[in-house]
Amino acid sequence: MTAPNTFWKLLETYDVHIPMIQRDYAQGRNDDRTIEIRSSLLENIKGALVDNKNLDFDFIYGSIEKNVLSPLDGQQRLTVLFLLHWYFAVKEQKNISETLVKFSYSTRVSARDFCEQLTRQPISYTEFNGTTVASIIKNKKWFQFRWKMDPTVEGMLVVLDAIHDIYESIDQPVLDKLMSDDCPITFSFLELKRFGLGDELYIKMNSRGKPLSTFENFKAQFEQLLEKNGFVDESKHFSLKVETEWTDLLWAYRGKDYTIDDAFMKLFTFISSALYLKAHLSVRSSGILTKDFSKVSDLAAVYNNKENIEFLFAVLSLWKDQQEIHQEFETIFNELPLFNTDIQLFDKCINNTLQLDERILLYTIIVKKLAKQEGDLVDTLRVIRNLLNRIRQGNNGVFNSNLRVENIGPILNAIDEIVMLNKPIYEGLLEMDSLSGIAERSLLQEKEKAALIKKNPQLKTDLHKLEDIPRLKGAVHLWIDAFLNYPNQLPYTLMEIEKISPALLSRAMLSIGNYQVKIGSSNLGARYLFGGNSANLEFLWTYNKDSLKPFFTKFITAIMNSRGQSMEEKVSSLIETKKWTMFDWQYYFIKYDSMIKDYYQVFTFSDNDNAKLSGIERLSGINLQSVHINPIYEAIVMLVDDDSICRMEDCQKRLTERSEIKMANNIVFRLNGTQWTYAVDTQMKDDLDRYAQTISNYDIVEQGYALVMKAHELVSAAAVPVTTG
């Protein structure tokens, strides 16, 4: 028997009962989106009926038991056709109730009873003049008040009003056309059991629509758009694939209510936003990344050409299920660290938690696989990862990502350029003079590594190990010379260096030479970073300028030639002050371990060269709003180690005031250049001056400590209050 392909043939063949598992009829909802979809659908139907244009309602799936058809997919479409037949039967004064009553709802008793009464009870079309269809029906004696509480009944009434608004003006017979073999509104009916499809597919088919999501309406509009633009085969392909192959792909991502609607729309949004951003490079709003692309205008902006449609279908067919996806992503990112713990980018796409860089990496995986270029997929991802990590800006000694939505489109186009070259990435890089969305300097750094690999392919593995160090994140430009000297040892050495005390590391580095980086200005002078936490270390190790490259090369050479077994022993062995004099601040930073802390290694230095040691302040944060103190003073207070003599908090300052050593007895010590000054009475000043001459061979910290203790001794001996000058 030929499967029925129109609503009337379906009713002539079977009783049609919408099963309990289905949702309520929802095309009658009054939210903006449903109104737009409903109007569009009814206008399309009107065009089919009046102008004899074919309108394909795609597939209708269902199970048949004892000649009762239970639709599993197509409930919304069948219901609007039921209402359409009823409306034109009333309008044209024809009785088709004995056939129309075969359509019913089993979702609720009220919906079932309403359908039966609607088809059996007589209504005159003239009653609709000047009022709504819904109000006429609700005022009938057979209409039960409790039916108003049924969303399916309410939905049908809303749609009947919409049908009347649009079709009232039609002045030609329509019902015969709907009931004829030449009905322009058709569908393809598929009985599941006939094709050997079991209960699990029953659930999968229904998973797209219970409860109603945007997908049912989106699907209809998308298929209509494809057909309107001449992509009829693609429309049918989409309709079939979404019910079978693509449902399998997303089945593991279904919701608790066994729907895959949300998962599909998240994936569709990812694909659509990528295509949209590639064509609209000026988009800055992040809203494009979560836009569901379910409106006709949004769909038309992307899927108006065959290339984009084919790309969509190809992506949706790229993997078969979650297990395959997980295995592939684990394989990729076991070889290529992303510097975070969540490597399942496809899952993050479905969960809508993709970061901007992850979106680009997922796109890279997709287009490389589609191009059958998996041979260098990981290498390509590595280069893209490195480039994305260098889209950043420095801020107070740390790098923050500067990747923005407006960068995505150009970078996706750049990835397309790479794929079109159809060459291994390290070969292709050497042919590129520029890459859209990528800074010239960043591209040059990747080309430098590509040239190195081409010349010395045996270095590739070790170079990748170096790139994968978390503090470098691929930015190895300052370490290339050191790498060439020690290719096997450098990656391990840097990972071991990361583990030691930041303060110890900074003192060892200063023993080799100056390396500090200016990170800003203040009213107390320029602010410099020496090291600190992991983010500060990353800032230094991947600094944008090449000025530190000779220093790091020298430092690594010193490490490699140093004494000791452990890395801490090797680094400690470098700490020495002989490179500096007692009038150099570096001497004190190296000698006194209290001056450089593990954290907050930010110091201000006075712009006055004569200030030297007196013009330094160690910040407890990143700016002058934090407390600060001259590290020389701090070292002395820590040597005193007695709050009854002087307390650290009395010596620290905030904002633009410079610190001092303020003793508990109110004596204040300050440095003027490299000389100690003290605010005391004349007699004590003479005593301290004479004492200072005896310790002139001491370093500045030793002198300060000795003078503070001497002042305390003199005050204690006098046992009288001190008058400050």
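1. Let's start with one side chain. Lys266 is partly exposed, because its relative accessibility is 23% and that class lies between buried (under 20% relative accessible area) and exposed (over 50%), computed with a 1.4 Å probe on protein chains only. Lys266 and Asp262 form a salt bridge whose closest N and O atoms are 2.7 Å apart; the term stands for a side-chain nitrogen of Lys or Arg within 4 Å of a carboxyl oxygen of Asp or Glu. Both residues sit in helix α13, four residues apart, or about one turn of the helix. Helices here are DSSP runs of H or I with at least four residues, strands are runs of E with at least two, and both are numbered from the N terminus.

2. A word on what you are looking at. This is a predicted model, in which local features need pLDDT of at least 70 and side-chain atom pairs count only at pLDDT 80 or more, while totals for chains, interfaces and linings use all residues. Residues are numbered from 1 along each chain as its sequence is written, and side-chain values use heavy atoms, with hydrogens and water left out.

3. How many salt bridges does the structure hold? There are 47. One of them joins the side chains of Glu358 and Lys348 at 2.9 Å, N to O. Glu358 belongs to helix α18 (residues 356-370) and Lys348 to helix α17 (residues 345-350), so this pair ties together parts that are ten residues apart in sequence. Glu358 and Lys348 are both buried.

4. Now look at Arg390 and Glu446, a salt bridge with its closest N and O atoms 2.7 Å apart. This pair links distant parts of the chain, 56 residues apart: Arg390 is in the loop between α19 (377-389) and β6 (392-395), and Glu446 is in helix α22 (residues 440-455). Are these two residues buried or exposed? Arg390 counts as buried because its relative accessibility is 10%, and Glu446 counts as buried at 1%. Through shared partners, salt bridges join Arg382, Arg385, Arg390, Glu446, Lys449, Glu467 and Asp468 into one network.

5. On to the domains. The assignment for the protein chain gives domain 1 (4-207), domain 2 (219-317), domain 3 (321-455) and domain 4 (492-661); such bounds come from an automatic or database domain assignment. The centres of domain 2 and domain 3, taken over C-alpha atoms, are separated by 24 Å. Between them, 24 residues of domain 2 are in contact with 25 residues of domain 3, where contact means heavy atoms within 4.5 Å.

6. How much area do domain 2 and domain 3 bury between them? The value is about 2,100 Å², with 72% of it on carbon and sulfur atoms. Buried area is the accessible area (1.4 Å probe) that two parts lose on being put together, summed over both. Tyr253, Phe270 and Lys278 supply 32% of the area that domain 2 buries against domain 3, more than any other three residues. Two salt bridges are counted between domain 2 and domain 3. Elsewhere in your list of pairs to find, Arg284 and Glu406 meet through their side chains in a salt bridge of 3.4 Å, N to O.

7. Next, the nonpolar core, meaning a set of buried Ala, Val, Leu, Ile, Met, Phe, Trp, Tyr and Cys residues joined through side-chain atoms within 4.5 Å. The largest one has 176 residues, of which Phe264, Phe555, Phe669 and Trp676 touch the most other members. Helix α13 (residues 261-279) gives this core its largest share, eleven residues. Apart from it lies another core, of 64 residues, among them Val80, Val90, Leu175 and Ile185.

8. Finally, find the open sheet of three strands, ordered β13-β14-β15 with antiparallel pairing. Strands β13 (661-662) and β15 (675-679) stand at the edges with a single partner each, so one side of each has no neighbour in the sheet. Two strands pair if DSSP finds at least two bridges between them, and five bridges join β14 (residues 668-672) to β15. Phe669 stands opposite Tyr678 in β15. Trp676 touches several residues away from it in sequence, not counting those up to four places away, including Ile632, Tyr633, Phe669 and Leu707.
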